[in-house]
Amino acid sequence: MPFTLGSTPSPTPTPSPAPSSPSSAPAARRTALTLTAVAALALSGLALAPDAGARSAAHRLTTARSCAVSTKPGMMACQAVRVTSGADTLAKSSGSTDAAAAPSGWGPADLLSAYALPATGGAGATVAVVDAYDDPNAEADLAAYRSTFGLPACGSADGCFRKVGQSGGASPLPVPDRAWAEEISLDLDMVSAICPQCHILLVEATTSAIDDLGAAVNTAVSLGAGYVSNSYGGGESSADPFFDSQFFDHPGVAITASAGDAGYGAEYPAASQYVTAIGGTSLARDSSARGWGETAWGGSGSGCTSFDPKPVWQHDAECAGRTIADVSAVSDPSTGVAVYDTYGGDQGWEVFGGTSVASPIIASVYALAGTPSPGSYPASFPYAHPEGINDAAGGSNGSCSGSYLCTGLTGYDGPTGLGTPQGLTAFQG
């Protein structure tokens, strides 16, 4: 039943079981990618099996979404994509304190190199991560990630890390959820990788309903976060403009939202006119002067929204409404990032992709770039400074007659937006 403005029902989902009730957890965590995403992933060089997610014949790589795609109005799903087998065939992280035991997947040194970011900065800034449900191991897993890469400690004892529930208190916290715990670990690790001197605020929404996640965004801002990452999404709704005004209209705060992992088709809250919508790329080392190359990731969300108005800083011709995305970062699981997660039986080091990787990366780039000017909407900054962007041409995330809305082209396109960070210039304003 569609929403109407002013009426925002919050259905209560059944959370994934904790380890004491594991019978349905594997199914929830290994839900296959949608057919759109499977086809799109094939465009990035993966030959895919139609059952257990994506499979690479060359690398024997298989992947699965952490959260099943939501089919209920108003319910969101996390955008993390986990490599379930074949991670050992991927590149090893640079900069590990034990090079012989370096995990697979890009690490902090790789990401800073790829995006020409400083290794210092962000002191005093607070980056908030908004997710649903609780990760009981969040702080311990974060400590393991940072220790492995020689990053400064960031815990609750020293005031660097803080975990709160939706209303802002240390208790009560939501029920634990294995799938969302993977998302939380991914988000916290990416903030650490990009801005190791930033403080991190984890706000755990009571459920994955947009009402609860949106309330958690408001809590993050009220607690002083100047940068808020949202690595989740769901279907568009006629209620989206209402959600915009209730949860995402925070001038002077950089709010990022993942564009999605199912290829072409708009999702919310990336569709909000007030957030920076984050698309995804495939990232690989090459022989260019930059040392890295990027193309549109086949799973990246993009699209033309049906309900949100076009921000004044967007000028693309084929979409009268808000166009997704604005900018992008690495998201392809076959060029994924190292993440440390142990809740629910996970064994520690894993490789993740999905636009869930890109959202906290870009939120943290904003934090490195400095405090946004009062009253500004930071989504506009990259449009004013295209010289601070790496173009990510090539690749496609769907079929839209060759349009820029689903094809990686020179200049602006849907899957990658303007492109990826080339230093901090494009994120200052």
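Colleague: How many bridges join strand 10 to strand 11, and in which sense do they run?

Modeller: First, the ground rules. This is a predicted model, where local features need pLDDT of at least 70, side-chain atom pairs count only at pLDDT 80 or more, and totals for chains, interfaces and linings use all residues. Residues are numbered from 1 along each chain as its sequence is written, and side-chain values use heavy atoms, with hydrogens and water left out. Helices (H or I, at least four residues) and strands (E, at least two) are DSSP runs, numbered from the N terminus. Two strands pair if DSSP finds at least two bridges between them. Here, three bridges join strand 10 to strand 11 (residues 276–285), and the two run parallel. Ser258 stands opposite Ile278 in strand 11.

Colleague: Which other strand pairs with strand 10?

Modeller: Strand 8 (residues 227–230) does, in the parallel sense, over four bridges. Asn230 has Ala257 of strand 10 as its bridge partner.

Colleague: Is strand 10 mostly covered or mostly exposed?

Modeller: Take the cut-offs: buried is under 20% relative accessible area, exposed is over 50%, and partly exposed is in between (1.4 Å probe, protein chains only). Strand 10 spans residues 254–258 and is mostly covered, with five of its five residues buried. Ala254, Thr256 and Ser258 point one way, while Ile255 and Ala257 point the other way.

Colleague: Which residue caps the N-terminal end of helix 5?

Modeller: Asp177 does, with a side-chain oxygen 3.1 Å from the backbone nitrogen of Ala179.

Colleague: Which residues have the most contacts inside the largest nonpolar core?

Modeller: A nonpolar core is a set of buried Ala, Val, Leu, Ile, Met, Phe, Trp, Tyr and Cys residues joined through side-chain atoms within 4.5 Å. The largest has 108 residues, and Leu111, Val228, Phe248 and Ile361 have the most contacts inside it. Helix 8 gives the most to this core, with ten residues. Contact means heavy atoms within 4.5 Å. Leaving aside neighbours within four places in sequence, Leu111 is in contact with residues including Met190, Leu283 and Ile361.

Colleague: How many salt bridges does the structure hold?

Modeller: Side chains of opposite charge can pair when their charged atoms come close. The cut-off is a side-chain nitrogen of Lys or Arg within 4 Å of a carboxyl oxygen of Asp or Glu. The structure holds eight. In one of them, Arg82 and Glu350 meet at 2.7 Å, N to O. That pair links distant parts of the chain: Arg82 is in strand 4 and Glu350 in strand 17, 268 residues apart. Arg82 is buried at 7%, and Glu350 is buried at 10%.

Colleague: How far apart are the closest N and O atoms of Arg322 and Asp326?

Modeller: They are 2.6 Å apart, in a salt bridge. Arg322 is buried at 0% relative accessibility. Asp326 is also buried at 0%. Elsewhere, salt bridges that share partners join Arg82, Glu182 and Glu350 into one network.

Note on methods:
A polar contact is a pair of N or O atoms within 3.5 Å; within protein, one must be able to donate a hydrogen and the other to accept it, and residues adjacent in sequence count only if both atoms are side-chain atoms.
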